[in-house]
Amino acid sequence: MSFAFELSLKNIKRRPFRAAAMAALVMFLTFSIFAGAFTVISLQNGLEGYRARLGADIVVIPNSAKGHGSVDDILLQGITGAYYMSGKDIEKICAVEGVESVSKQFFLTSAKASCCSSRVQIIGIDPKTDLTVMPWIAESFSGEIGDGDVMIGADVSLNESKTVKFYGEDYRVAARLEKTGTGLDSAVYTNMATIRKMAKDASSLLETDAFKGVDINTAASAVFIKVADGYEISEVADDINIHITKVEATPARSMVSDISDGLSKVSGIIGALVAVVWALAVVILAVVFALLSNERKKEFAVLRVMGAPRKMLFSVMCFETALTSLVGAVAGLAVAAAVVFPLSDTLKASLGLPFLMPRGGTVALLGAGAVIISLLAGVATASLSAGRITHSETGLLLREDA
Amino acid sequence: MILKAEGISRSFFRNGKGTNVFTAVKGTDFTLEAGKITAIIGRSGSGKSTFSNMLAGLLEPSEGRVLLDGEDIYALDDGTRSKLRNEHIGVVPQGQTGLQSLTVLENVLAPAYMYSRTSKADRAHELLKKVDIDELCDVYSNELSGGELRRMAIARALINSPSIIIADEPTGDLDDETTQLVLKLFRGLADSGASVLMVTHEHDALKFADFVYKMDKGVLTECASQAITQPEVTTEL
């Protein structure tokens, strides 16, 4: 062990409060970096996933959907309801000029009764034409969604037999989907034939008005439209709204940009806050190290008198700072993890934005990055003070003290 | 080893009215003889400590050179000059100079461990016994009295058996008995070939000196040691 390292250890041991104060500052620094970066990355991940899923140009829902949730609730949070548009209206939509292709979705909510495993949103899709859910399903499941098969979101619980029960029937779970960080993680997905069967079972099992006047075989809850080249999306949406009175068409891109704007603002505010907190912590660190260096002028002068070169004094200061910073940074990371992970659901709910936690590898990299940045910030600020002191003439330091 | 100063001077900048350059030591030639004790006396602020710090390689002269066996120590890079000081020049600085994170023994051993891992614990205990604080070897330096700290600094300066010893007020905080003990220690070192420079206010110390110089307003002049040590003659009316 070098003299400088040994002396650093003894200094820490003999001055525990000084070391603890330094470590606490670095802990604060690491906490702010990790927690801030984690939140911003989670929001960005959420938006990326959302963008990837939204392949449609226009989303159409029946007017009766009002009160159940907005279009972005459907896309973003998986908030659906028992509302349906008729097969005739869908045909009219298909006939509007500029509509290149359509994909239907059928929404159903399972009952909170013995006939069902749990109360979840069930979304029926047409795998061949779907533009919103299929790109996401494709990440976890490459096969064909057969009749009687369901796909479950990441947050849906599953029994050992890998089946779920809806309206008295068991359905095989073909895949569990990747987490999106939205309410879609709590939903179940299946093809149109299967969901129509479920709807019929529901209709016969439960005394409900949900399907009153609805032809389950042709109805749908939402229609996703791809607009043909050369047509303005907003004009096609306006045409639908004018000509088909029982439905409401919304351009999907405007929703994405609204959410994206909201997310950019939130990310920007969080990023700015983290930057301010970080800058403040670095300034405080620099001031503390400058004060500590002044207090230690005599100690450094004595070491110089004994024959220590400037490099050795610099090493003593840097070793000491690196050790205390490392302890502070690791503690900061632990505190940040203990706060951020359990609170991420609360954060997601309070922000009301797509929030998808990064994967384990990214979290590990983020943690390592936060520790390294804090360590470097500590050592860099200490080096500045150490450089200033070690370049003072020893005779002058002794004279100041005499 | 011969330590020599050639026309060294040192000026400082001061804040205040009028001229802000203050010359603490004016162009001075000086040779520290091997096997002798040289004492420098003078009033506070006369430039004694500035002069001894320049000789020790701790304060670069504004003008002139400090030569150790003919080599200008300020022409050396910091690493080489520091190692040279560690090996050949034992410095006892003015004031309290204990490293508070270290025990007395660790303080004394610190210069020995800076460049080498060879244990000098026996020599450290021997020196601590000579300055009469060996029983305090495991005590931390912030628990020592002023006089004990001074003795620890003396033992520390001697740990690497330097051939040059530069001590600034080495007996400042010591009682008469310990002062005699330290002065005898320096005498013994000089007799065995070391060059000793003492900056002092103590008249007792002058009895042990081979040469006595007086620093006055930055000007160093040699005095007859006998004349300095004689008590002043007063005339009774």
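Biologist: How many bridges join E6(B) to E7(B), and do these strands run parallel or antiparallel?

Modeller: Strands (E, at least two residues) and helices (H or I, at least four residues) are DSSP runs, numbered from the N terminus. Two strands pair if DSSP finds at least two bridges between them. E6(B) and E7(B) are parallel and are joined by 4 bridges. Within that pairing, Ala167(B) of E7(B) stands opposite Val92(B). The model is predicted: local features need pLDDT of at least 70 and side-chain atom pairs count only at pLDDT 80 or more, while totals for chains, interfaces and linings use all residues. Residues are numbered from 1 along each chain as its sequence is written, and chains are lettered from A and ligands numbered from 1 in the order in which they are written.

Biologist: Which strands of chain B stand at the edges of the sheet?

Modeller: Start with the strand order. The open sheet has 6 strands, E6-E7-E8-E3-E9-E10 of chain B, and its pairing is mixed. Strand E6 (89–92) and strand E10 (219–223) of chain B are at the edges; each has a single partner strand, so one side of each lacks a neighbour in the sheet. On average, neighbouring strands of this sheet are turned by 20° against each other, direction ignored. Angles run from 0 to 180 degrees between N-to-C directions, and axes are lines fitted to C-alpha atoms, for helices over the stretch in contact.

Biologist: In which sense do E1(B) and strand E2 of chain B pair?

Modeller: They are antiparallel, E1(B) with strand E2 (residues 21–32) over 8 bridges. One partner pair there is Lys4(B) and Thr31(B). Strand E1 (residues 3–13) of chain B is also antiparallel to strand E4 (residues 63–68) of chain B, with 5 bridges. Ala5(B) has Val66(B) of E4(B) as its bridge partner.

Biologist: Now the backbone angles. What is phi of Glu169(B)?

Modeller: Most residues other than glycine have a negative phi. Glu169(B) has a positive phi, near 50°. This residue is in the loop between E7 and helix H6 (176–191) of chain B. A residue is buried if 20 or more other C-beta atoms lie within 10 Å of its own, exposed if 12 or fewer, and partly exposed in between, with C-beta atoms placed from the backbone. Glu169(B) is buried, because 22 other C-beta atoms lie within 10 Å. Ser161(B), not a glycine, has a positive phi of about 50°, and lies in the loop between helix H5 (146–158) and strand E7 (164–168) of chain B. Ser161(B) is partly exposed, with 15 other C-beta atoms within 10 Å.

Biologist: At what angle do the axes of helix H3 of chain B and H5(B) cross?

Modeller: The axes of helix H3 (residues 104–113) of chain B and H5(B) cross at roughly 30° and come within 7 Å. Two residues are in contact if their C-beta atoms, placed from the backbone, lie within 7 Å. H3(B) contributes Val104(B), Asn107(B), Val108(B), Ala110(B) and Pro111(B) to the contact, and H5(B) contributes Met152(B), Ala155(B) and Arg156(B). Ala, Val, Leu, Ile, Met, Phe, Trp, Tyr, Cys and Pro count as nonpolar, Asp, Glu, Lys and Arg as charged, and the others, Gly among them, as polar. The residues of this contact are 6 nonpolar, 1 polar and 1 charged.

Biologist: Which residues touch the most other members of the largest nonpolar core?

Modeller: A nonpolar core is a set of buried Ala, Val, Leu, Ile, Met, Phe, Trp, Tyr and Cys residues joined through C-beta atoms within 7 Å. The largest such core has 115 residues, and Phe186(B) and Met198(B) touch the most other members. Helix H2 (residues 16–53) of chain A gives the largest share of this core, 13 residues. Setting aside neighbours within four places in sequence, the contacts of Met198(B) include Ile37(B), Ala167(B), Phe186(B) and Ala209(B).

Biologist: How many residues of chain A are in contact with chain B?

Modeller: 24 residues of chain A are in contact with 25 residues of chain B. On the side of chain A that touches chain B, helix H1 (3–14), helix H9 (297–306), helix H10 (310–351) and helix H12 (394–401) of chain A each give two or more residues. H12(A) gives the most, with 6 residues. This side of chain A has 10 nonpolar, 4 polar and 10 charged residues.
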